[in-house]
Amino acid sequence: MNEKSFHSKEEFRDGQGERMSSGYSPSYDNNKSVLAFRGIPISELKNHGILQVLTTEANEWEPRVVSTEVVRAQEEWEAVDTSQPETGSQANSEQPGQLISFSEALQHFQTVDLSSFKKRIQPTIRRTGLTALRHYLFGPLKLHQGLREERDLVLTIAQCGLDSQDPVHGRVLQTIYKKLTGSKFDCALHGDHWEDLGLQGANPATDLRGAGFLALLHLLYLVMDSKTLLMAQEIFHLSRHHIQQFPFCLMSVNITHIAIQALREECLSRECNRQQKVIPVVNSFYAATFLHLARVWRTQRKTISDSSFVLRDLEVLAKSPQRLLKTLELYLARVSKGQSSLLGAQKFCGPEAPPFKDLTFTGKSHLQPHSS
């Protein structure tokens with residue numbers, strides 16, 4: 001029970017709750033009793049046991065004097081399935097508790113007006129002088145014309161922030177939280193519980209700078225695809241190691257940023273042209289990069305102090321993504337056959353890692369157009 005519940009319970013004991021004690025007078029006006037509890041939300045009634053008291057035939061309270069408001073309150077309580085376990089603002093969802101798939105979340109962005117965000121994107125890196133000539137002669141292949149709209153959608157989503165008032169955004173957060181933690185309950189969209197997933201504060205929106213909502217879509221893809229869910233869970237557990245811990249979600253945001261840069265630098269164009277798709281290639285590159293980071297982190301016994309060096313190496317590998325994508329392909333093939341993962345068995349001894357606070361983790365605080 002959270003602090004809010006405890007606070008409400010104490011107020012009930014000291015004030016209005018005393019009126020409903022076992023020693024109340026049978027001549028007490030029932031309507032006045034009901035009016036005294038009108039200000040308490042229906043979700044709080046279970047905590048205080050008010051409904052049980054109001055509907056119990058105790059002492060000389062006859063069933064015939066139960067008011068319609070009490071009956072209505074009881075019916076509302078019977079319709080309540082679960083209570084929210086976290087504090088803070090509640091999640092906004094058209095269908096509370098229902099997970100959302102990656103395709104459904106993507107479809108949401110394909111149908112809403114993103115014109116104001118699209119104006120901010122720069123699809124490719126601007127080059128001038130000899131750099132532009134060298135890139136033209138020896139650089140990677142250009143993305144096919146028919147795929148550029150899909151590429152621009154990816155970059156546009158990376159400019160969108162988290163809107164806690166949007167039901168789809170809320171469902172994406174809820175799904176990520178449930179899949180990583182195994183919780184069956186909805187959680188608050190703001191609260192300290194997000195630090196357990198590797199965010200720096202109570203508001204997830206503050207840690208998405210540099211990758212926007214694309215960072216959350218990538219996490220959603222990772223946990224909702226049956227082929228990569230095991231990998232996501234393994235990396236999450238590795239991030240909670242008592243020595244090798246790292247902020248899982250912040251690391252994911254950094255990897256999304258690397259994927260964005262690889263797309264803008266046309267490093268992924270060859271694979272996109274081969275598959276005639278952009279979004280699946282970017283998703284796979286993100287997952288492959290995260291997998292490589294986890295393997296290096298575990299096998300080379302990296303710690304949080306090594307994070308900047310590991311990310312710098314990943315940026316170099318991103319220039320030639322075929323190796324990363326091939327490693328992911330081999331990993332998924334092993335998982336599909338039920339073989340042990342490439343991360344190997346990992347023993348987690350000692351207490352869980354504490355939440356990460358006040359970290360200057362990336363140095364990539366904003367996604368700005370680059371020029372060479």
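User: What do the side chains of Lys326 and Glu329 meet in?
Analyst: A salt bridge, at 4.0 Å from N to O. Keep in mind that this is a predicted model.

User: Where do Lys326 and Glu329 lie?
Analyst: Both are in helix H17, residues 322–336. They sit three residues apart, about one turn of the helix.

User: How many salt bridges does a search of the whole structure find?
Analyst: Eight. One of them joins Glu271 and Arg274, at 2.5 Å from N to O. Those two are three residues apart in helix H14, residues 269–275, so about one helical turn separates them.

User: Which salt bridge links distant parts of the chain?
Analyst: Arg171 with Glu104, at 2.9 Å from N to O. Arg171 is in helix H10 and Glu104 is in helix H6, 67 residues apart. Arg171 is buried at 5% relative accessible area, while Glu104 is partly exposed at 34%.

User: What else does Arg171 do?
Analyst: Its backbone oxygen lies 2.8 Å from a polar atom of the Thr175 side chain. Thr175 is also in helix H10.

User: How accessible is Thr175?
Analyst: Thr175 has 0% relative accessibility, so it counts as buried. Leaving out residues up to four places away in sequence, Thr175 touches Leu99, Ile100, Leu220 and Met224.

User: Back to H6. Which residues are buried there?
Analyst: Phe102, Ala105, Leu106, His108 and Phe109. Seen down the axis of H6, they fall within an arc of 150 degrees, so they line one face of the helix.

User: What covers the buried residues of H6?
Analyst: The cover includes helices H9, H10, H11 and H15.

User: And which exposed residues are on the face turned away?
Analyst: Ser103 and Thr111.

User: New topic. How many disulfides does the search find?
Analyst: Zero, across the whole structure.

User: What about the cysteines, say Cys160 and Cys249: buried or exposed?
Analyst: Cys160 is buried, at 3% relative accessible area. Cys249 is buried too, at 4%.

Notes. Residues are numbered from 1 along each chain as its sequence is written. This is a predicted model: local features need pLDDT of at least 70, side-chain atom pairs count only at pLDDT 80 or more; totals for chains, interfaces and linings use all residues. Side-chain values use heavy atoms; hydrogens and water are left out. Buried means under 20% relative accessible area, exposed over 50%, partly exposed in between (1.4 Å probe, protein chains only). Helices (H or I, at least four residues) and strands (E, at least two) are DSSP runs, numbered from the N terminus. The arc is that of the directions from the helix axis to the C-beta atoms. Contact means heavy atoms within 4.5 Å. A disulfide is a pair of cysteine sulfur atoms within 2.5 Å. A polar contact is a pair of N or O atoms within 3.5 Å; within protein, one must be able to donate a hydrogen and the other to accept it, and residues adjacent in sequence count only if both atoms are side-chain atoms.
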